[in-house]
Every structure is written in structure tokens, then in C-alpha cells.
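I opened my notebook to look up rings, charges and cores.

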Amino acid sequence: MTDVINTREIVLAVLNEVLEEDKYSHIVLREVLEKYQYLEKRDRSFITRVAEGTLENLIEMDYIISQFSSVKVSRMKPAIRNILRMSVYQLKYMDSVPDSAVCNEGVKLAQRKGFFNLKGFVNGVLRSVARNLDKVKYPDPKEMPVPYLSVTYSMPEWILNSWLRLYDFETVETICKGIHKDHVTTVRCNLNKASKKDIMESLRNQGVTVTEHPYLDYALNLFDYNYLKALDAFRNGWIQVQDVSSMLVAEVAAPKWGDYCIDVCAAPGGKSLHLADKLEGSGFVEARDITESKVKLMQDNIERTALINMNAVVADATVFLPASEEKADILLADVPCSGLGVIGRKPDIRYKMTEKKQEDIVKLQRQILDTVWKYVKVGGTLVYSTCTIGAEENQYNLKWFLDNYPFKLESIDPYLPEELQGKTTRAGYLQLLPGIHESDGFFLARLKRVSE
């Protein structure tokens, strides 16, 4: 068992990598938890909660710190500002940790990192925050709706403004609340390998709390497990971690026996694996991505699930491959996107994405679509999807594609649970929203190729 100061040092290392070295939190935290998988569940939970919680509430943490510090957060030493951020998060959101302990450990951590001359500053700011947290004034939602949402839910204002162009204030606040809900692990049952009953029994025998997802009968929500890869159901290839929004892609694609499928931006491979599973050993799924590391990850999952009708290959989706022309009965184009729909699982995305980066992403999405549409047979299906919220990457891209290429939308109502059906799904597309739906933020559309 590690002591409290060491767990805090691990958290600080995670924050420094994510916020100062521009690495992604879900990758850094996964690597850290695998490295320290020998720790007790309580310690691993502390590391996860404080790291993720600080990132989820970063704008609010900086807002609070700025009211008690004579030095702007942006001008602080990186380690000092991250010590303050993680400490203020504990003061505000973790009643189980005494305020005095948070302040003392914050000072010790500053010393441990060599900032002896700043321990008085850290101590002063943290003790002022601890004494006056209830006096912090937040922007008024009626007079300053965008700053209110930004500080309350730690969401950059440019993202909020883009959502407010599509939805009213109440809907946007519901989305923000949904992003900040505790997120569960959702898995897809591979029913060709084991029954749902046996999968649930195996998970529960290992102490996992299991509930059924309301949208799809083969989707399960998992709680109270320590290390996913230690679960027998995972090792046996009975389950695949996948949000239900991603599962809907294979449902909407609706593969038929013997179909040839291409997934042009496939990593980490959940949608491709699902297609192969639904084909029940027939047809073939070619899962493509741009790097060897991503392809290896997919190949590992293919081997773990023992699929015989799927392969993973390195391929750049922006480069046309003549051998694939009119080869696909089904083509999945789950294109690179801003990722604003999965902020709840990858909280730092909101701080790293910018309007300029989003504009560049839209150009890349269109470049990919311009390249891969010819892979679809006449009469074949193209499913376009993103894990984001916003018209630029979704509805506007869809209109651009329909205006320029020989495809038409098809209703997706026959493939969706009744509670997701509506006006847009009859037209052929669906925008899922956190807080509104039981899923991540996600967009998908089904298109049929109608001519050469």
C-alpha cells in the first residue's frame, strides 16, 4: 500500500503530462493504472478520481484560485498551479479528505518537488480557499449565461457558443450536466461466444456490479471493478468495451450474410469487431487505420475475440486504393473529429481543441469522404459517424456530401430502439447528446450509393 503523499505525487505527474506536455488524459491514466495495478483499489480510485476530477473541473478550479491568489494562474510554475488545482478540487468535491490534510499535503508536495521558497504561497492560497469556499461568487446565469456555463461546468466559451447556435440554454446546460455525470463502463456482449446469462454470471462472480443498458439487449453497464483486463469475461473475449452509441453504428449498417465491409478509420476497432460478430463468421471486415500501433491494438482484439472473418491493416484513408473501388457492401467512415461528444470520458479534449483545429478537422473529414466513397458498391451502404456535437462536423458535412456525391439518405428507424426514433432518424441521421440520451455525444447517418 502506498501512502497519501505518494498517491498525490502520482496525480501530479498525470496532470503535468496532460496539461504541460500535451498528452491525452485517457492514455496517460490508463498507462499509470496499469503500472500501479498492484495498488489497493482505494489508492487506484483516489488517483483516478483526483486526476479526472481536476481535469473535469479545471476552469472552475482556476476561477476559484484566481480569487485568492495575487499571481495569475497562467503565470505560476506548472507544478505549483497543478498542485493548487488538484488541492482545490479535493477541498471542494471530496468531503472525505479533511481540509487541513489537503493543505498540508499540498505544501509537502511543493517541497517534495523542490519549491521550498513557494511553500508559504501554496499554504496561504489553500488555507484561504478552505476558509472561504462558500463565499466564492459565480457568474449569474441570467445576466452572464455563457460565463456561468463556462465556470460552472468548466467548458470553454467557444464550445458553448457553438452549441447555443443549435440548442437553447436549458438543453446546453443539460448536455453539460450529462458530461459531468459519473461515467460507467459499457461493454458489448459477444453472444457468439457466450450467452448473456453466462457473461453476467461470470462478471458478478468476480464482484462486478452489472446492469442492462436500456437501448440494446446485448449492452451491459459495469461498476465496482478494479482492473478490466483481470476479468475472465474480458480475457475470454466475451465482452468488448464500447459505448452504446458506437454499437448503434453496426446496427444501422445492418450487415447481411456474406457482406464485404471496410472500416476506413477503424481504431480502436470496436465497430469493426461488432460488424464481424454480426456477420457470424461469414463475409469479411477489413479494419484500416494509419499507424502500426493502432493496427496492432486492433489485431490484439481480433485474436482475443477469435474472429476469423476480420483483419486489421495499415492504410491512410486520404489515399485512394484502386483495388478497393466498388468492393464494399458496407463502408464505415467514423472519421477523425473534435471529440466533443466524449468529453465526459476524455475531459482534457475541451481544453486542447480550438476553433482553428476544428476547421482543419472538417477539411480532413471531407478529404477522407472524397477519397473513400468510390469503395462503396452501387446499392451499397456508407455509414458516416463522429463522436462529436455540432453542425460543422455533422449536419453541414452530411449536406456537403449529399450535394456532391451519388448517395441518398435512408431512414434508420428500422435499426434503432423506439426511444431514439424521430424526425431526423426517419430522414436518415441521429445526433445523440449527453444528458439527453443514455450515451456519449455521437452522430451517425446511413447513406445508400445510387449511381456510378
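**Rings and cores**

I began with a charge: the charged end of Lys92 sits over the ring of Tyr93, 5.5 Å from its centre. To count, NZ of Lys or CZ of Arg must be within 6 Å of the ring centre and within 35 degrees of the ring normal. I also noted Lys352, over the face of Tyr24 at 4.7 Å from the ring centre.

A reminder to myself: this is a predicted model, where local features need pLDDT of at least 70 and side-chain atom pairs count only at pLDDT 80 or more, while totals for chains, interfaces and linings use all residues. Residues are numbered from 1 along each chain as its sequence is written, and side-chain values use heavy atoms, with hydrogens and water left out.

Next I looked up aromatic pairs, and the structure holds 14. Rings of Phe, Tyr and Trp (its six-membered ring) pair if their centres lie within 6.5 Å; planes under 30 degrees apart are stacked, over 60 edge-to-face, the rest tilted. Trp373 and Tyr405 make a tilted pair, with 5.6 Å between centres and 55 degrees between planes. Trp373 counts as buried because its relative accessibility is 11%, and buried means under 20% relative accessible area (1.4 Å probe, protein chains only). Tyr405 is buried too, at 13%.

Last, I checked the largest nonpolar core, which has 50 residues. Such a core is a set of buried Ala, Val, Leu, Ile, Met, Phe, Trp, Tyr and Cys residues joined through side-chain atoms within 4.5 Å. Another core, of 44 residues, lies apart from it and includes Leu33 and Ile65.
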